[in-house]
Amino acid sequence: MRSRVVIPTVVIIWLLIGLLAAIQRGYFSSDEANCATIGSTLTTIAAGPLNYVGVNPTVECPGLPQPSE
């Protein structure tokens, strides 16, 4: 019964710490929204407290193929 409260609470705290790290890195102040910035923001939030022990998750998205002429 206790794990029904503890596990969701830990997950919420984990994600809030990740959100704080994303805010401190300025991911929400940029007007540019592309695959790399959105991916980096989401991975920073998911990494949670690991951001404060040296993890710096970033995402690089490959370029889209150009149509032939």
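The expected span of a helix is 1.5 Å times one less than its number of residues, and helices (H or I, at least four residues) and strands (E, at least two) are DSSP runs numbered from the N terminus. The views below show a predicted model, in which local features need pLDDT of at least 70, side-chain atom pairs count only at pLDDT 80 or more, and totals for chains, interfaces and linings use all residues. Residues are numbered from 1 along each chain as its sequence is written, and side-chain values use heavy atoms, with hydrogens and water left out.

**View 1. The whole chain.** The protein chain has two helices and zero strands. Along the principal axes, its C-alpha atoms fill a box of roughly 65 × 25 × 20 Å. The radius of gyration, taken over C-alpha atoms, is set against a globule rule of 2.2 Å times the number of residues to the power 0.38. The chain has 16 Å, whereas a compact globule of 69 residues would have a value near 11 Å. Of the 69 residues, 17% are buried; buried means under 20% relative accessible area, exposed over 50%, and partly exposed in between (1.4 Å probe, protein chains only). A contact means heavy atoms within 4.5 Å. Among contacts with a separation of 6 or more, 55% are between residues 24 or more positions apart.

View 2. Helix 1 covers residues 3–24, and its 22 residues should span 32 Å at 1.5 Å a residue; the end C-alpha atoms are 31 Å apart, which agrees. Gly18, Ala21 and Ala22 are the buried residues of this helix. Seen down the helix axis, the buried residues fall within an arc of 105°, so they line one face of helix 1; the arc is that of the directions from the axis to the C-beta atoms. An α-helix has 3.6 residues a turn, so residues three or four places apart point the same way. Helix 2 (35–47) is included in what covers the buried residues of helix 1. The face turned away from the buried side carries exposed Val5, Ile12 and Gln24. Just after helix 1, Gly26 takes a positive phi of about 80°.

View 3. Ala46 lies in helix 2 and counts as partly exposed at 48% relative accessibility. Leaving aside neighbours within four places in sequence, Ala46 is in contact with Trp14 and Leu15. Ala46 and Leu15 are 31 residues apart in sequence, yet their C-alpha atoms are 6.2 Å apart in space.

**View 4. Surroundings of Asn51.** Asn51 lies in the segment after helix 2 and, at 8% relative accessibility, counts as buried. Not counting residues up to four places away in sequence, Asn51 touches Gly18, Ala21, Arg25, Thr44 and Pro57. The side chains of Asn51 and Arg25 are joined by a polar contact of 3.5 Å. A polar contact is a pair of N or O atoms within 3.5 Å; within protein, one must be able to donate a hydrogen and the other to accept it, and residues adjacent in sequence count only if both atoms are side-chain atoms.

**View 5. The disulfide.** The structure holds one disulfide, a pair of cysteine sulfur atoms within 2.5 Å. The bond joins Cys35 to Cys61, S to S 1.7 Å. Cys35 lies in helix 2 and Cys61 in the segment after helix 2, so the pair ties together parts that are 26 residues apart in sequence. The torsion about the S-S bond of Cys35 and Cys61 is about -70°, so the disulfide is left-handed. Cys35 is partly exposed at 47% relative accessibility, and Cys61 is partly exposed at 29% relative accessible area.
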